[in-house]
Amino acid sequence: LCTVTGSEVSNAVRLCTVTTDRVHLRRGKWYFEFTTRVPPSVTARICVGWVDRHFHADWTSERGVGDDRHSWGFVVPTGTKRFDGDATQLTSTRVGFGAVVGCLCDLDARTVSFSVNGRWLGDDATA
């Protein structure tokens with residue numbers, strides 16, 4: 001469970017998933033970025049990324065972004081990419097406090113990509 005107030009995420013206990021409602025993208029390239037504000041002393045992880053219309057988070061079984069075939073996520077601070085419950089390490093460096101994480105979804109090419117501080121990580125994930 002986590003709390004979102006404006007652009008601040010807090011109270012992340014294990015793995016926090018935050019989604020939007022009523023945003024339906026069909027084509028084109030879409031990008032967002034955020035600056036991490038997770039202090040090094042916090043053990044919680046935050047997974048951000050993209051979901052399709054079939055995604056369903058289930059807080060009781062701790063299923064969130066990247067845990068099914070309908071979502072693609074990037075985990076802070078571990079730097080792993082998640083899809084269908086599998087994790088792939090994209091960077092050996094901890095994604096720390098103040099890092100800028102970018103999330104790109106190219107709906108025409110059907111790819112999802114992630115960056116940290118302007119550096120693209122790994123190969124595109126097929127969406």
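Predicted model: local features only at pLDDT ≥ 70, side-chain atom pairs only at ≥ 80, totals over all residues.
Local features need pLDDT of at least 70, side-chain atom pairs count only at pLDDT 80 or more, and totals for chains, interfaces and linings use all residues. Residues are numbered from 1 along each chain as its sequence is written, and side-chain values use heavy atoms, with hydrogens and water left out.

T80 lies in strand β7 (residues 80–83); strands are DSSP runs of E of at least two residues, numbered from the N terminus. The relative accessible area of T80 is 11%. T80 is therefore buried, a term for values under 20% (1.4 Å probe, protein chains only). Beyond four places in sequence, T80 touches G73, F74, V75, A87, T88, Q89 and L90; contact means heavy atoms within 4.5 Å. The C-alpha atoms of T80 and L121 are 9.8 Å apart, at a sequence separation of 41 residues.

F74 is also among the residues with the most contacts inside the largest nonpolar core, which has 18 residues. Such a core is a set of buried Ala, Val, Leu, Ile, Met, Phe, Trp, Tyr and Cys residues joined through side-chain atoms within 4.5 Å. Elements giving two or more residues to this core are β5 (45–51), β6 (71–76), β9 (100–106) and β10 (111–116). Another core lies apart from it, with five residues, including C47 and V75.

L25 sits in the loop between β3 (15–17) and β4 (29–35). Its relative accessible area is 32%, so L25 is partly exposed, the class between 20% and 50%.

Notes. Helix = DSSP H or I, 4+ residues; strand = E, 2+ residues; numbered from the N terminus.
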